[in-house]
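I opened my notebook and worked through the structure one question at a time. My entries follow in the order I made them.

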Amino acid sequence: MTRSQTQRRRRIVQTAAALAVRGGVEAMQMRSVAERAGVALGTLYRYFPSKMDLVVAVVTEELDLLEGGIVRRPPTAATAPGRAVDVLLRATRGLMREPELADALVRSLIMAEVKIELDVRISDLVWRVATGNFEGADATDEEAAEAGTGVDRESTGYVLVGSLTSVWIFELVEILKGRRDIDDAERRLQVAAERLLASF
């Protein structure tokens with residue numbers, strides 16, 4: 001994308017997020033987003049073919065903030081399970097600031113309404129932090145492979161991290177349904193992380 005296209009896309013996402021803050025995902029009507037962002041409706045659909053694509057873009061911004069926060073203030077736990085739970089709890093708290101968006105994200109993960117890689121992105125982040133390879137987070141795939149900090153998604157360890165991410169998604173569902181609070185989810189995530197990542 002050109003610089004102006006990147007700025008336009010960012011303006012659209014920020015507008016959608018502002019609408020969601022005031023009225024939840026229901027307030028993120030495509031026509032309203034287009035009008036408030038100052039773009040034609042057709043232009044909006046070129047960037048985001050569906051409302052769910054737009055929701056995912058807003059949540060991706062939240063994940064960017066999460067990663068930025070971890071760079072500035074890395075988890076200090078002495079163990080891989082502790083660091084993994086720290087990342088997942090930060091993600092939970094960030095998403096729960098906007099429960100409507102969190103609900104839409106979880107539905108998109110479960111129903112596969114759009115092709116998204118957010119669960120993979122969270123797993124990659126947890127993997128890098130848990131294994132102590134977070135310094136390679138900004139590297140290209142080639143640079144990370146050269147430095148030995150890349151993510152090997154076929155490894156047993158990564159599969160276990162993916163299982164922990166699945167537990168986290170289930171806990172998010174339970175929180176959104178009101179059957180669990182964040183403290184309960186934290187206890188369950190700690191148990192799961194200690195079992196799944198014991199060999200790290």
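**Entry 1: Gly 42**

I looked up Gly 42 and found it in helix α3, which covers residues 41-47. Is Gly 42 buried or partly exposed? Its relative accessible area is 41%. Buried would need a value under 20% and exposed a value over 50%, so Gly 42 counts as partly exposed. I then checked the gap to Met 30, twelve residues away along the chain. The two C-alpha atoms are separated by 10.0 Å.

I must keep in mind that this model is predicted.

**Entry 2: The record for this stretch**

I checked UniProt next. An unreviewed entry there places a "DNA-binding region" at residues 29-48. In the model, that span is 75% helix and 0% strand. Its end C-alpha atoms lie 12 Å apart.

**Entry 3: The whole chain**

I counted the elements. The chain has ten helices and zero strands. Of its 200 residues, 44% are buried. I also looked at contacts between residues at least 6 apart in sequence. Of these, 69% join residues at least 24 apart.

**Entry 4: How confident is the model?**

The average pLDDT of the chain is 85. A score of at least 70 is reached by 86% of the residues. Which helix has the lowest confidence, and which the highest? The lowest is helix α8 (residues 141-147), with a mean of 44. The highest is helix α10 (residues 182-196), at 97. I marked residues 136-149 too, where pLDDT stays under 50. For that stretch the model has eight contacts beyond four places in sequence.

**Entry 5: Helix α1**

I tested the length of helix α1, which runs over residues 3-23. Its 21 residues, at 1.5 Å a residue, should span 30 Å.

Which residues of α1 are buried? I listed Ile 12, Val 13, Thr 15, Ala 16, Leu 19 and Ala 20. Looking down the axis of α1, I saw that the buried residues fall within an arc of 160°, so they line one face of the helix. Arg 3, Val 21 and Arg 22 are exposed on the other side of α1. After α1 comes Gly 24. The phi of Gly 24 is positive, near 75°.

**Entry 6: Helix α2**

I repeated the check on helix α2 (residues 30-37). Met 30, Val 33, Ala 34 and Ala 37 are its buried residues. Why do I place them on the same side of α2? They cover an arc of only 100° around the axis, so they share that side. Arg 31, Glu 35 and Arg 36 are exposed on the other side of α2.

What do the buried residues of α2 pack against? My list reads α1, α3 and α4. Gly 38 follows α2. The phi of Gly 38 is positive, near 75°.

**Entry 7: The core and Phe 48**

I turned to the largest nonpolar core, which has 58 residues. Ile 12, Met 28, Phe 48 and Trp 168 touch the most other members. Helix α4 (residues 51-72) gives this core its largest share, ten residues.

Ile 12 and Val 13 were already on my list of buried residues in α1. Met 30 was on the list for α2.

I found Arg 90 in helix α5 (residues 80-96).

Is Arg 90 buried or exposed? With a relative accessible area of 16%, Arg 90 is buried. Not counting residues up to four places away, Arg 90 touches Leu 66, Gly 69, Ile 70, Arg 73, Pro 74 and Pro 75.

Arg 83 has a relative accessible area of 18% and is buried. With residues up to four places away left out, its contacts are Pro 75, Ala 77, Ala 78, Val 129 and Ala 130. I also checked Arg 83 against Trp 127, 44 residues away along the chain. Their C-alpha atoms are separated by 9.6 Å.

Technical notes: Residues are numbered from 1 along each chain as its sequence is written. This is a predicted model: local features need pLDDT of at least 70, side-chain atom pairs count only at pLDDT 80 or more; totals for chains, interfaces and linings use all residues. Side-chain values use heavy atoms; hydrogens and water are left out. UniProt positions are given in the numbering used here, feature names are shortened, and annotations may be inferred rather than shown by experiment. Helices (H or I, at least four residues) and strands (E, at least two) are DSSP runs, numbered from the N terminus. The expected span of a helix is 1.5 Å times one less than its number of residues. Buried means under 20% relative accessible area, exposed over 50%, partly exposed in between (1.4 Å probe, protein chains only). The arc is that of the directions from the helix axis to the C-beta atoms. pLDDT is the predictor's confidence in each residue, from 0 to 100. Contact means heavy atoms within 4.5 Å. A nonpolar core is a set of buried Ala, Val, Leu, Ile, Met, Phe, Trp, Tyr and Cys residues joined through side-chain atoms within 4.5 Å.
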